[in-house]
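Hi everyone, thanks for making time. I'd like to walk you through one structure this morning, so please have a look at it with me.

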Amino acid sequence: MTTSWANGTRDAVFQTSSLVLFGAGQYLAFVSRMKTKKEHNFFMIAKAQHEYAVYLFQQGFYGDAVKQLDEVLHEEETGERWSDWATAKFALSHFAEAERGFRRALELSPDLTEAAVNFGAMLVSLSRWREAIDMLEGVLPKLEPEARAVISGLAEECRTQLGAVAQGS
């Protein structure tokens, strides 16, 4: 039979009709497969929405990226999504919200280096030298050598600024 129905409906109907032949146990297996398919589809949609939010951010549409990430976070919280949301808030100069987002990202995913580096960069921009040093130095062991050198230099610059503040007081 060569019927072409959209979205796998034909396959589902054929699988459903064969359940009558195989009994109730097969029905449970079918329901389980369909649930897994729905979860997979949901995951793929959320992933696409997240990727779209990243694209919006890269294009400079920070507010739109935040809106998109709000939706994605409403569906499922992950450290990466919170980090991206916080980075967009940072780009919009919404520092208190960005800080909350970075802290949530690191709570969910303590090894998320991008969140720690971006949070440290925000702290530097706010002249919160001691906190920036702590955040940046904490992430150093997790970084690749090239990134480690850059972040180490940034932490050293924070030390210099912290010393200048201490001498000026």
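**Salt bridges and a helix pair**

Let's start with a charged pair: Glu 76 and Arg 81 join their side chains in a salt bridge, 3.8 Å from N to O. Keep in mind that this is a predicted model. Glu 76 is partly exposed, at 37% relative accessibility, whereas Arg 81 is buried at 6%.

Arg 81 also belongs to a helix contact. Helix H3, residues 62-75, packs against helix H4, residues 79-91, at an angle of about 155°, with the axes 9 Å apart. The two are therefore roughly antiparallel, and H3 passes H4 in a left-handed crossing. On the H3 side the contact includes Val 66, Leu 69 and Leu 73, and on the H4 side Trp 82, Trp 85 and Ala 88 are among the residues involved. By type, the contact has 9 nonpolar residues, 4 charged ones and no polar ones.

Now on to helix H5, residues 95-108, where Glu 99 and Arg 103 sit 4 residues apart, about one turn of the helix. Their side chains form a salt bridge at 2.9 Å, N to O. Glu 99 is buried at 17%, while Arg 103 is partly exposed at 43%.

And which parts does the salt bridge between Asp 111 and Lys 142 tie together? Asp 111 is in the loop between H5 and H6, and Lys 142 is in the loop between H7 and H8, so the pair links parts 31 residues apart in sequence. The closest N and O atoms are 3.4 Å apart. Asp 111 is exposed at 60%, and Lys 142 partly exposed at 40%.

Finally, shared partners join Glu 99, Arg 103, Arg 128 and Glu 131 into one salt-bridge network. Across the whole structure, the search finds 11 salt bridges. Thanks, all!

Conventions: Residues are numbered from 1 along each chain as its sequence is written. This is a predicted model: local features need pLDDT of at least 70, side-chain atom pairs count only at pLDDT 80 or more; totals for chains, interfaces and linings use all residues. Side-chain values use heavy atoms; hydrogens and water are left out. Axes are lines fitted to C-alpha atoms, for helices over the stretch in contact, and angles run from 0 to 180 degrees between N-to-C directions. Angles under 35 degrees count as roughly parallel, over 145 as roughly antiparallel, 65 to 115 as roughly perpendicular and the rest as oblique. A crossing is left-handed if the near helix is turned anticlockwise from the far one by less than a right angle, and right-handed if clockwise. Contact means heavy atoms within 4.5 Å. Ala, Val, Leu, Ile, Met, Phe, Trp, Tyr, Cys and Pro count as nonpolar, Asp, Glu, Lys and Arg as charged, and the others, Gly among them, as polar. A salt bridge is a side-chain nitrogen of Lys or Arg within 4 Å of a carboxyl oxygen of Asp or Glu. Buried means under 20% relative accessible area, exposed over 50%, partly exposed in between (1.4 Å probe, protein chains only).
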